[in-house]
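Dear colleague,

Please find below the structure I promised to hand over. My notes on what was found in it follow directly after.

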Amino acid sequence: MPSPHTSAGAAATTRETIAVVGTGAVGMALAAWFARAGHRVMACSRSAPERPAVVIDEGDGPRAYPVRWHTAPTRVDATADWVFVATKLPDTLAAAKWLAALVGPSTRIVAAQNGVDHRERFAELTDAPVVPALVYWGSSSVSESAE
């Protein structure tokens, strides 16, 4: 999988379907970087913006990247190659419904959450392989009107 820092003009060599569960600042940054790299991105949250895109501003101006929004696990129509869980730790159980809809036989899960013991926590929710991740960057969500 390409680095989030892949140049905007470079498409992913292998387009994968990546679901991001949790659309706060961390989840939206992940979704934007993966969409920017050319992957098919599904953003999973309780609500969706009017515009089906994520915006990232890396200092040279904002750029919008299309994503598919899902506001309920029952509306998910495909499994993902990768599921990035970017919820707060107390919301992990709520992510279980999303995992049931998004996880297929070859899906891998990345726990992009604070805390420790990710594998043990997710083992109670899914049989899919879980990769703990360290998220180390500053990000903030801005409203659509601020773009």
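The largest nonpolar core of this predicted model has 21 residues. Within that core, the residues with the most contacts are Leu 30, Val 54, Val 67 and Phe 84. Two or more residues each are given to it by strand S1 (17–21), helix H1 (25–36), strand S2 (40–44), strand S3 (53–57) and strand S6 (80–85). H1 provides the largest share of this core, seven residues.

Val 54 deserves a line of its own. With residues up to four places away in sequence not counted, Val 54 touches Met 28, Ala 31, Ala 32, Arg 63, Ala 64, Tyr 65, Val 67 and Trp 69.

As to the overall arrangement, the chain has three helices and eight strands. Along the sequence, these follow the pattern β-α-β-β-β-β-β-α-β-α-β. Of the 147 residues in the chain, 41% are buried. Where contacts link residues at least 6 apart in sequence, 60% of them join residues at least 24 apart. The chain has an accessible surface of about 8,300 Å², and carbon and sulfur atoms account for 53% of that surface.

Turning to strand pairing, S3 and strand S4 (residues 62–66) run antiparallel and are joined by five bridges. Ala 53 has Pro 66 as its bridge partner in S4. The hairpin that S3 and S4 form has four residues between the strands, and in this hairpin Gly 59 takes a positive phi near 105°.

The structure holds three salt bridges, which I describe in turn.

The side chains of Arg 108 and Glu 16 meet in one of them, at 3.4 Å from N to O. Because Arg 108 lies in strand S7 and Glu 16 in the segment before S1, this pair ties together parts that are 92 residues apart in sequence. Glu 16 counts as buried at 15% relative accessibility, whereas Arg 108 is partly exposed at 27%.

Arg 63 forms a salt bridge with Asp 60, and the closest N and O atoms are 3.2 Å apart. Arg 63 is partly exposed, with a relative accessibility of 37%, while Asp 60 is exposed, with a relative accessible area of 54%. Arg 63 is also one of the residues that Val 54 touches.

In the salt bridge of Arg 68 with Asp 77, the closest N and O atoms are 2.9 Å apart. Here Arg 68 counts as partly exposed at 41% relative accessibility, and Asp 77 counts as exposed at 55%.

Two further residues call for comment. Asp 117 lies in the loop between S7 and H3. Although Asp 117 is not a glycine, its phi is positive, at about 65°. Most residues other than glycine have a negative phi. Asp 117 is partly exposed, with a relative accessibility of 47%.

His 118 is found in helix H3. Is His 118 buried or exposed? With a relative accessible area of 5%, His 118 is buried. Apart from neighbours within four places in sequence, His 118 is in contact with Ala 111, Gln 113, Val 130 and Pro 132.

With kind regards

Definitions and conventions. Residues are numbered from 1 along each chain as its sequence is written. This is a predicted model: local features need pLDDT of at least 70, side-chain atom pairs count only at pLDDT 80 or more; totals for chains, interfaces and linings use all residues. Side-chain values use heavy atoms; hydrogens and water are left out. A nonpolar core is a set of buried Ala, Val, Leu, Ile, Met, Phe, Trp, Tyr and Cys residues joined through side-chain atoms within 4.5 Å. Buried means under 20% relative accessible area, exposed over 50%, partly exposed in between (1.4 Å probe, protein chains only). Contact means heavy atoms within 4.5 Å. Two strands pair if DSSP finds at least two bridges between them. Accessible areas come from the Shrake-Rupley method with a 1.4 Å probe; for residues, only the protein chains shown count as cover. A salt bridge is a side-chain nitrogen of Lys or Arg within 4 Å of a carboxyl oxygen of Asp or Glu.
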